[in-house]
Amino acid sequence: MTKTELIEAVARDLGLSRVDAQKTVACIFNLIADGLTRDAKVQIQGFGTFQTKTRKARMGINPQTKEPMQIPASKTVGFKPGQDLKNRV
């Protein structure tokens, strides 16, 4: 499902206009992103948990030159599905 398909499904299921559904979906995504920025964890009961993770710096290989290179530490987001979602899938 794409973001556009999600917006259309929200509009259809809730009887909203497409613009209102688009604002609703954007608001939810922004709230999740803000929660991850502020608390590093967003838990949605029955759905799952989004959590920031830190990757350590590591050595890698440049695929073009085959020379070793340092890959810097970075942050990423992980998702762990809740039990209800696992059972549904």
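I looked up Gly 35 first: its relative accessibility is 6%, so it counts as buried (under 20% relative accessible area; exposed is over 50% and partly exposed in between, with a 1.4 Å probe and protein chains only). I note that this is a predicted model, in which local features need pLDDT of at least 70, side-chain atom pairs count only at pLDDT 80 or more, and totals for chains, interfaces and linings use all residues. Residues are numbered from 1 along each chain as its sequence is written, and side-chain values use heavy atoms, with hydrogens and water left out.

**Entry on Gly 35**

I located Gly 35 in helix α2; helices (H or I, at least four residues) and strands (E, at least two) are DSSP runs numbered from the N terminus. Setting aside neighbours within four places in sequence, I found Gly 35 in contact with Ala 40, Lys 41 and Val 42 (contact being heavy atoms within 4.5 Å). I also checked Gly 35 against Ala 57: they lie 22 residues apart in sequence and 25 Å apart in space, C-alpha to C-alpha.

**Entry on the sheet**

I traced an open sheet of 3 strands, in the order β1-β2-β5, with antiparallel pairing; strands pair if DSSP finds at least two bridges between them. β1 (41-44) and β5 (74-81) are the edge strands, each pairing on one side only. Direction ignored, neighbouring strands of this sheet are turned by 25 degrees against each other on average; axes are lines fitted to C-alpha atoms, for helices over the stretch in contact, and angles run from 0 to 180 degrees between N-to-C directions.

I then followed β1 to β2 (residues 48-55), to which 4 bridges join it. Val 42 stands opposite Phe 50 in β2, and Gln 43 opposite Thr 49. Helix α2 packs on the sheet, where it touches β1, β2 and β5, and its direction makes about 130 degrees with that of β1.

In the hairpin of β1 and β2, 3 residues lie between the strands, and Gly 46 takes a positive phi near 85 degrees.

**Entry on the largest pocket**

I looked up the volume of the largest pocket, which is about 250 Å³. A pocket is an open set of points on a 1 Å grid over the protein atoms alone, where a 1.4 Å probe fits, with protein on both sides within 12 Å along at least five of seven lines; lining residues have an atom within 4 Å of a point. Grid points are joined across faces, edges and corners, and the volume is the space filled by probe spheres set on them.

Among the lining residues I noted Met 1, Leu 6, Ile 28 and Phe 50. Helix α2 gives the most to this lining, with 5 residues.
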